[in-house]
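Could you walk me through this model in the viewer, stop by stop? Please tell me what to select next and what I will find there.

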Amino acid sequence: MKNIKKDFPLLMAQESSYLDSASTTQKPQHVIDAVVNSYTKYNANPGRGIYDLAEQATKEYEDARKAVAEFIGAQPSEIIFVRGATEGINYIAHGWARDHLKKGDEIVLSQLEHHANLLPWQRIAKETGAELVFIPILQNGMLDMKAAEKLITPNTKLVAITHESNVIGTPVDVTAITKRAHAVGARVLVDACQSVPHKKVDVKKIGCDFLTFSGHKMLGPTGIGVLYIKKDVQDEMQPLSLGGGSVREVAWNSHTLADAPEKFEAGSPSLAQVVGLHAAVNYLQKNAPFDQLKQHEADLTAYAISELEKLPYVKVYGPLEILKKEGHSVTFTVDGMHAHDVAAYLNQQGVQVRAGHFCAQPLARLLGYDAAIRASFYCYTQKKDIEKLVAAIQSIR
Ligand SMILES: Cc1ncc(COP(=O)(O)O)c(C=O)c1O
């Protein structure tokens, strides 16, 4: 893949190597310009005014919806703009699950889940009397698909599962999970936060009912995410908020809602964030096509894993052989050193990594650490960034 670092002003302005892209990505000038243009060239409230400026704002907003829909194989009316994946998951918890679950029902999750796809379900379970069931992981970090087959039963009403672990990179066969869930009449929500930025995700091929991801993890602005709600399921959903832009007729004591997607997006739309996300999609498609991106990230990951594995005091987590072929991060601990101390040392050496439990405390306990270090890569990461990481870890003791 060609070197695109020059497109990222923050990366060009600092000496340090940024290896925390699983947390949030840096932004190319193209995205920054799109955000600025929205304020300087066509700032108006989309979907409301009939003057030219407002119509342009509406067009830019709806063009972004079309582009995002196409990006994940959906129809534009199935795309709801939210603040991020956390809001997307909470949307399904409160807009769908609360009305559809009762005592005796089960919500199936996995042991890989980020807190964003665990805490909302703990609350829904408490409120409805439903129970949480967890698909375990195997010793190698992969999901136990045989157990999944058994745990998804006619009691299951919802399977809410990650497409890829943000901790150990495990890819999950969400197509097989969806097939099994639909066979027992359950709905499926996919947390695609760590997959959509890195590989082609097609909601129709997966077959899931709901899918969500965050724009800031794929070069887009903060404060914007996508919630896909399959057309057939939209009538089962309640909008999370009610208000302007989401209704057709309002009387003092009643209202009728607009069609999707408007009915799910009450309030003034986030124009700047949405057009920024559109610009990010365009940038990725042009400069980091998924086949090239996957190879680039896999090469970096394979190199990082094989170098770190050589160090007897380093433990690397996850399904390593798979990560070497399709990963984009490496998670490890250093014997006798707290992960925060390792991260602080790396920072001094000009390497920026994340340290902690990565918002997945139960998984951290299962893997046997309180805190680990995660170095994560994206289209702008260069081999020399990984060499710096490896050299610093080699010199740490
Ligand atoms: C797998 C996964 N799910 C959900 C989230 C939550 O995303 P956000 O904080 O953008 O809402 C993250 C963020 O780290 C994640 O990695």
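Start with the whole chain: the centres of domain 1 and domain 2, taken over C-alpha atoms, are 27 Å apart. To colour them, select 5–27 + 289–394 for domain 1 and 31–285 for domain 2; such bounds come from an automatic or database domain assignment. This is a predicted model, in which local features need pLDDT of at least 70 and side-chain atom pairs count only at pLDDT 80 or more, while totals for chains, interfaces and linings use all residues. Residues are numbered from 1 along each chain as its sequence is written.

Next, show the contact, to which domain 1 gives 24 residues and domain 2 gives 26 residues (C-beta atoms, placed from the backbone, within 7 Å). On the side of domain 1 that touches domain 2, α10 (290–309) is one of the elements giving two or more residues, and its four residues are the largest share.

**Backbone stops**

Now select P261, in the loop between β10 (255–257) and α9 (271–287) (helices are DSSP runs of H or I, at least four residues, and strands of E, at least two, numbered from the N terminus). The peptide bond from A260 to P261 is cis, with omega near 5°.

Move on to L219, between β7 (210–214) and β8 (225–229), where phi is near 80°. Is L219 buried or exposed? L219 counts as buried because it has 29 C-beta neighbours inside 10 Å (buried takes 20 or more other C-beta atoms within 10 Å, exposed 12 or fewer, partly exposed in between, with C-beta atoms placed from the backbone).

Finish at C359, whose phi is positive, about 55°. C359 has 18 such neighbours inside 10 Å and so counts as partly exposed.

How values were computed:
Two residues are in contact if their C-beta atoms, placed from the backbone, lie within 7 Å.
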